[in-house]
Amino acid sequence: MPEGDSVFRLAARLRPHVSGRSIVSGELRSGAAAGTSLAGWMIAGLETHGKHLITWLEPGFALHTHLLMQGSWTVTRAGRSVPTRVNRAVRVRAELDGGATLWGIDMPVVEMLRAGDVARVLGHLGPDPLRTDWEAAEAVRRLDVRPDRSFVAALLDQRNIAGLGNLWVNELAFLSGVHPFDPVGTADLAVLVDRAARALRLSASVPGMYQVTTGSARRGSAHWVTGRAGKPCLRCGTPIVVRAEGPGDPGRRRTWWCPSCQPRKS
């Protein structure tokens with residue numbers, strides 16, 4: 001599943017192609033507003049909050065999308081289209097002045113909003129380290145409301161910190177020396193929040209460091225625990241263990257940890 005840094009990088013890639021462009025034809029093909037024509041609007045800008053992307057449309061509207069597990073955005077040059085097999089999954093099409101076309105593909109969440117409603121719709125989200133309104137103290141406060149909650153559950157809850165997904169939560173548990181199913185209060189929350197913010201910012205902005213948590217981008221050594229079940233811990237050599245996703249988990253999340261570096265304390 002794309003995490004906050006993924007969506008932040010996506011917005012950065014799209015901006016040079018779409019920001020300030022007028023839509024000459026296009027439509028929504030999903031959501032409650034399916035069938036709405038996009039012709040006549042201008043793409044005023046792109047904004048992210050956690051894993052959510054807001055495409056501001058002038059005058060006075062915004063397109064709210066969430067990629068979940070499978071969604072994507074792409075831009076094709078003038079005269080080009082997406083392949084026929086992909087076209088069936090298109091949820092948003094916007095042909096821009098100049099000829100390029102923006103395509104939203106296989107996105108489960110496609111929502112047209114009045115600009116004034118965006119803050120309300122996303123109001124449940126916690127602070128996002130990649131936004132200018134980031135408040136570390138507020139993130140600490142929210143986590144400390146339920147310090148007995150498991151580390152992974154607390155950090156995956158977007159109401160506490162927006163943008164952390166399964167990869168980052170597993171890696172942060174390792175870096176904090178906390179068993180993923182021990183209470184989040186086991187960690188120093190101020191240190192944890194600072195570490196999470198620095199990690200997301202590094203991943204979102206530094207070339208070659210996208211979702212690298214060990215400092216090494218070499219294949220097989222970019223992560224401490226995620227995806228490394230049965231392999232030796234890069235710190236102590238103990239085999240990494242994994243717990244499979246729970247039944248019915250829509251995120252299909254797995255949890256990895258090192259039994260030696262992250263001993264169970266509760």
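## Before we start

Residues are numbered from 1 along each chain as its sequence is written, and side-chain values use heavy atoms, with hydrogens and water left out. Because the model is predicted, local features need pLDDT of at least 70 and side-chain atom pairs count only at pLDDT 80 or more, while totals for chains, interfaces and linings use all residues.

## The open sheet

Let us begin with the strands. An open, antiparallel sheet is built from four strands in the order β2-β3-β4-β8. Here, helices (H or I, at least four residues) and strands (E, at least two) are DSSP runs, numbered from the N terminus, and two strands pair if DSSP finds at least two bridges between them. At the edges are β2 (42-49) and β8 (109-114), each of which pairs on one side only. On average, neighbouring strands of this sheet are turned by 20° against each other, direction ignored. Such angles run from 0 to 180 degrees between N-to-C directions, with axes that are lines fitted to C-alpha atoms, for helices over the stretch in contact.

Helix α1 (residues 4-18) lies across β2 and β3, and runs at about 170° to β2. Contact, in this report, means heavy atoms within 4.5 Å.

## Following β4

Strand β4 (residues 61-66) is joined to β3 (residues 52-58) by six bridges, and the two run antiparallel. They form a hairpin with two residues between them, and Gly 60 in the turn has a positive phi of about 80°. Across this pair, Trp 56 has Ala 62 as its bridge partner, and Thr 55 has Leu 63.

Six bridges also join β4 to β8, again antiparallel; there, Leu 63 stands opposite Met 112. Five of the six residues of β4 are buried, leaving the strand mostly covered. Buried means under 20% relative accessible area, exposed means over 50%, and partly exposed is in between (1.4 Å probe, protein chains only).

## A glycine in a loop

Gly 50 is found in the loop between β2 and β3. Is this glycine buried or exposed? Gly 50 counts as buried because its relative accessibility is 1%. Leaving out residues up to four places away in sequence, Gly 50 touches Gly 4, Val 7, Asp 128, Ala 162 and Gly 163. From C-alpha to C-alpha, Gly 50 and Arg 131 are 8.8 Å apart in space, although 81 residues apart in sequence.

## Two nonpolar cores

A nonpolar core is a set of buried Ala, Val, Leu, Ile, Met, Phe, Trp, Tyr and Cys residues joined through side-chain atoms within 4.5 Å. The largest has 28 residues, of which Phe 151, Leu 155, Leu 164 and Leu 192 touch the most other members. At least two residues of this core come from each of α4 (136-145), α5 (151-156), α6 (166-176) and α7 (189-205). Helix α7 gives the most, with eight residues. A second, separate core of 24 residues includes Val 7, Leu 38, Leu 57 and Met 112.

Leu 192 is in contact with Phe 151, Leu 155, Leu 172, Ser 176, Val 184 and Ala 187, leaving aside neighbours within four places in sequence.

## An enclosed helix

Nine of the 11 residues of α6 are buried, so the helix is largely enclosed by the rest of the structure. Among them are Asn 166, Trp 168, Glu 171 and Phe 174. The cover over the buried residues of α6 includes α1, α5, α7 and β10 (255-257). Just after α6, Gly 177 takes a positive phi of about 70°.

On a 1 Å grid over the protein atoms alone, a cavity is a set of points where a 1.4 Å probe fits but cannot get out, and a pocket is an open set with protein on both sides within 12 Å along at least five of seven lines; lining residues have an atom within 4 Å of a point. Grid points are joined across faces, edges and corners, and a volume is the space filled by probe spheres set on the points. One cavity of 30 Å³ or more is counted, and the largest cavity holds about 50 Å³ of space. Its lining includes Thr 55, Leu 57, Leu 63 and Trp 73, with at least two residues each from β3 and β6 (90-96).

The second largest pocket has a volume of about 250 Å³. Of its 16 lining residues, His 49, Leu 122, Leu 125, Arg 131 and Asp 133 are the closest to its centre. The elements giving two or more residues to this lining are β2, β3, α3 (118-121) and α4.
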